[in-house]
Protein chains: 2
Amino acid sequence: MTQIVTAAVLLIGDEILSGRTQDTNLRTIAQFLAPLGVEVREARVVPDVHETIVATLNEMRARHNYVFTTGGIGPTHDDITADAVAAAFGRGVDVREDALAILRPYYAARGQEINDGRIRMARIPDGASLIVNPVSAAPGFQLGNVFVMAGVPSVMRGMLLDVAHRIEGGAVVHVRTVRANGVREGDIADPLGELAKAEPGASLGSYPFVRLAGKDIAYGTNLVARSRDKELVDRLAVALADIIRAQGGTPETDPVD
Amino acid sequence: MTQIVTAAVLLIGDEILSGRTQDTNLRTIAQFLAPLGVEVREARVVPDVHETIVATLNEMRARHNYVFTTGGIGPTHDDITADAVAAAFGRGVDVREDALAILRPYYAARGQEINDGRIRMARIPDGASLIVNPVSAAPGFQLGNVFVMAGVPSVMRGMLLDVAHRIEGGAVVHVRTVRANGVREGDIADPLGELAKAEPGASLGSYPFVRLAGKDIAYGTNLVARSRDKELVDRLAVALADIIRAQGGTPETDPVD
């Protein structure tokens with residue numbers, strides 16, 4: 001039996017819901033987890049509201065093997081994630097010496113004052129282990145199956161370096177994409193649906209595209225087969241190419257991973 | 001009393017959770033709704049799973065004035081949104097003549113066959129009103145307080161044109177941004193927190209930035225005041241500029257909206 005390991009992503013911040021900020025962290029996290037054998041099954045964006053973060057986090061951590069949060073661990077008053085995570089776990093939270101020991105030399109070397117705001121970034125829930133921030137020092141942390149990371153994408157990506165070795169993944173989902181050049185989604189919907197019905201062990205997705213290619217318009221559909229069974233997705237890649245040829249299109253299969 | 005009107009956004013699709021596709025629809029919807037006086041309070045990404053869509057939609061539509069969904073209304077077997085929305089409302093769903101009347105001439109004019117897959121895009125829940133798709137014909141629909149739109153960003157944006165007139169907004173949230181050039185977030189966290197405490201009628205956010213400016217690195221923090229009280233945000237923009245000057249920074253205030 002193949003083991004299925006799932007994750008949820010919790011994006012914390014008014015700025016994403018207001019449309020001020022375009023999130024890119026969900027995609028980064030999903031792409032980071034896929035080869036580790038962890039599948040992101042849900043994602044939510046919540047505002048900077050204590051009760052909402054606590055309730056959402058408790059739902060997610062009960063339901064999934066891992067939860068990844070981004071945002072709300074900076075120096076300002078609206079950075080309330082550490083306190084909310086502590087509350088969700090029923091733990092205390094305070095300025096911790098191991099976190100301060102990272103911040104003090106960082107700011108000293110730059111001649112920057114370590115004021116109340118910056119000390120706030122050393123607030124870590126009891127029992128949490130720190131996640132190294134190779135970009136701007138202030139650490140993230142792990143508590144149980146929850147990984148708490150920064151919202152700034154470059155800092156979040158840096159923190160993932162200290163997350164990979166903590167993950168026990170399951171069976172990897174294999175993915176093959178076959179590009180149907182010159183074939184519209186609606187042209188292949190029927191045979192694609194029949195194939196999906198015949199092969200319930202895989203999921204088949206179709207994603208149409210239109211783009212300018214020089215002065216011409218290139219259109220087509222990306223057909224994607226996903227399954228934990230590698231032989232099955234390889235077989236489906238061949239079947240998808242056949243469907244495309246039957247519609248007069250030119251299949252283009254991605255290199256085997 | 002100012003009326004508060006809230007919305008939730010439900011992004012439907014395996015391809016966003018897998019990291020294949022970068023969502024941009026949440027931001028587009030949030031920016032579309034803000035001037036109408038509708039505040040997005042939560043957003044979720046769910047996979048193409050019937051039960052998950054039904055349960056999430058029912059939670060959201062009970063909790064918010066409006067719900068906006070994107071994705072899952074195309075011609076293929078994995079496009080299950082119309083059926084899930086119908087199930088959430090306990091309504092029937094079938095191919096509808098008014099939707100077919102839009103699709104038939106569209107495909108006929110292009111010499112494209114109207115096969116089972118394309119007919120599938122005319123599946124609309126009983127009692128729903130169609131949302132015009134000015135890009136590729138296949139309509140979205142509105143059922144109660146739920147607006148069901150396409151996932152392809154250009155099509156989704158086109159559909160919003162037929163949504164605006166159906167929205168009864170509340171009090172608009174006013175926003176002023178003051179850019180603190182040359183000031184780090186940690187430098188102003190303390191006075192910013194005091195200001196936030198003194199003015200509970202507004203929310204104050206801070207968003208640090210670093211970028212290349214020619215050969216130099218430009219850094220600073222964007223300070224954002226948000227409130228339904230316009231006079232308050234105007235007053236806060238002045239107070240934020242004062243905080244920045246006190247730290248030796250140069251404030252840059254956006255033009256009044």
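**Helices, sheets and the chain contact**

Guide: Let's start with chain B, where helix H3 (residues 50-63) and helix H4 (residues 81-89) pack at an angle of about 50°, with their axes 9 Å apart. Helices (H or I, at least four residues) and strands (E, at least two) are DSSP runs, numbered from the N terminus. Axes are lines fitted to C-alpha atoms, for helices over the stretch in contact, and angles run from 0 to 180 degrees between N-to-C directions.

Visitor: Before we go on, what kind of model is this, and how do the labels work?
Guide: This is a predicted model: local features need pLDDT of at least 70, side-chain atom pairs count only at pLDDT 80 or more, and totals for chains, interfaces and linings use all residues. Residues are numbered from 1 along each chain as its sequence is written, while chains are lettered from A and ligands numbered from 1 in the order in which they are written.

Visitor: Is the crossing of H3(B) and H4(B) left-handed or right-handed?
Guide: H3(B) and H4(B) cross in a right-handed way. A crossing is left-handed if the near helix is turned anticlockwise from the far one by less than a right angle, and right-handed if clockwise.

Visitor: Which residues meet there?
Guide: From H3(B) you have B:His50, B:Ile53, B:Val54, B:Leu57 and B:Asn58, and they meet B:Thr81, B:Ala84, B:Val85, B:Ala87 and B:Ala88 in H4(B). Contact is taken as C-beta atoms, placed from the backbone, lying within 7 Å. By class, the residues of this contact divide into seven nonpolar, three polar and no charged. Here Ala, Val, Leu, Ile, Met, Phe, Trp, Tyr, Cys and Pro count as nonpolar, Asp, Glu, Lys and Arg as charged, and the others, Gly among them, as polar.

Visitor: And in chain A, at what angle do the axes of H3 and H4 cross?
Guide: In chain A the H3 and H4 axes come within 9 Å and cross at roughly 50°. That crossing of H3(A) and H4(A) is right-handed.

Visitor: Switching to sheets. What's the strand order in chain B?
Guide: Chain B has an open sheet of four strands in the order E10-E11-E9-E12, with antiparallel pairing. Two strands pair if DSSP finds at least two bridges between them. E10 (203-213) and E12 (250-253) of chain B stand at the edges with a single partner strand each, so one side of each has no neighbour in the sheet. Neighbouring strands are turned by 25° against each other on average, direction ignored.

Visitor: How many bridges join E10(B) to E11 of chain B?
Guide: There are 11 bridges joining E10(B) to strand E11 (residues 216-227) of chain B, and the two run antiparallel. B:Ala213 stands opposite B:Asp216 in E11(B).

Visitor: Which strands does H8 of chain B touch?
Guide: Helix H8 (residues 185-198) of chain B packs on the sheet and touches E9 (174-181), E10 and E11, with its direction at about 160° to that of E10(B). Helix H9 (residues 230-246) of chain B also packs on the sheet, touching E9, E11 and E12, and its direction makes about 5° with that of E9(B).

Visitor: What about chain A, how many bridges join E9 to E11?
Guide: Eight bridges join E9 and E11 of chain A, which run antiparallel. The bridge partner of A:Arg179 in E11(A) is A:Asn222.

Visitor: Now the two chains. What rotation superposes chain B on chain A?
Guide: A rotation of 180° with 0.0 Å of shift along its axis does that, at RMSD 0.0 Å. That is the relation of a two-fold axis. The superposition is by least squares on the C-alpha atoms of residues with pLDDT of at least 70 in both copies.

Visitor: Which residue of chain B comes closest to the rotation axis?
Guide: B:Arg44, with its C-alpha at 2.1 Å. B:Arg44 is also the bridge partner of A:Arg44, and three bridges join E2 (residues 39-46) of chain A to E2(B), running antiparallel.

Visitor: How many residues are in contact between the chains?
Guide: 44 residues of chain B are in contact with 44 residues of chain A. By class, the chain B side has 16 nonpolar, 16 polar and 12 charged residues.

Key: Two residues are in contact if their C-beta atoms, placed from the backbone, lie within 7 Å.
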